[in-house]
Amino acid sequence: MTRIATIRKRADFVAANRGIRVARPGFVLLVNRDCAPAAEADMRFGVTVTRKIGNAVVRNRMKRRFRALLREALPHGGIPGADHVLIGREGGVERDFSLLREELAVALARATAGKGDPPRKRAGKPRR
């Protein structure tokens, strides 16, 4: 049986940003294989949704849906010993749950194969 824990520390969320990034219409999946192995679990997950997405009701609904998806998909599709972080995107809360499930399965398969999306371009003014 696979033991799954929740990421609680901000430093672990920030560290996940250095890993593989797979973007989908409803979410962005970050997978960090270089994390320190947690003694309490085989793999960990975290969910984050920014205030740009909506009010607290909308954000909490999206987080509940993402947690349910991750608890269902990680035991057979996740990367053992890695941190998995889902970042909610605009429109993710309105997407059909079965469609989100399929997108997460594809994103996990891409992350397992090491096929992440290219890094994002920096927003804002160019540095000198």
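User: What makes two strands count as a pair, and how do β3 and β5 pair here?
Analyst: Two strands pair if DSSP finds at least two bridges between them. In this predicted model, β3 and β5 are joined by 6 bridges and pair in the antiparallel sense.

User: In which sense do β4 and β5 run, and how many bridges join them?
Analyst: Strand β4 (residues 43–48) and β5 run parallel, with 5 bridges. Here phenylalanine 45 stands opposite histidine 84 in β5.

User: What unit do β4, α2 and β5 make?
Analyst: They make a β-α-β unit, and its hand is left. Handedness is read with the strands pointing away from the viewer: a clockwise path over the helix is right-handed. The unit of β4, α2 and β5 is left-handed.

User: Is strand β5 enclosed or open?
Analyst: Strand β5 (residues 83–88) is largely enclosed by the rest of the structure, because 5 of its 6 residues are buried.

User: How do I read an aromatic pair?
Analyst: Use the distance of the ring centres and the angle of the planes. The count here is 1 aromatic pair. Phenylalanine 27 and phenylalanine 66 lie 6.0 Å apart, centre to centre, with 75° between the planes. Planes over 60 degrees apart count as edge-to-face, so this pair is edge-to-face.

User: Which parts of the chain does the pair link?
Analyst: Distant ones, 39 residues apart. Phenylalanine 27 sits in strand β3 (residues 27–32), and phenylalanine 66 in helix α2 (residues 56–77).

User: Are phenylalanine 27 and phenylalanine 66 buried or exposed?
Analyst: Buried means under 20% relative accessible area. Phenylalanine 27 has 0%, so it is buried. Phenylalanine 66 is also at 0% and therefore counts as buried.

Definitions and conventions
Residues numbered from 1 in each chain as written. Predicted model: local features only at pLDDT ≥ 70, side-chain atom pairs only at ≥ 80, totals over all residues. Heavy atoms only, no water. Phe/Tyr/Trp six-rings, centres within 6.5 Å; stacked < 30°, edge-to-face > 60°. Helix = DSSP H or I, 4+ residues; strand = E, 2+ residues; numbered from the N terminus. Buried < 20%, exposed > 50% of the residue type's maximum accessible area, 1.4 Å probe, protein only.
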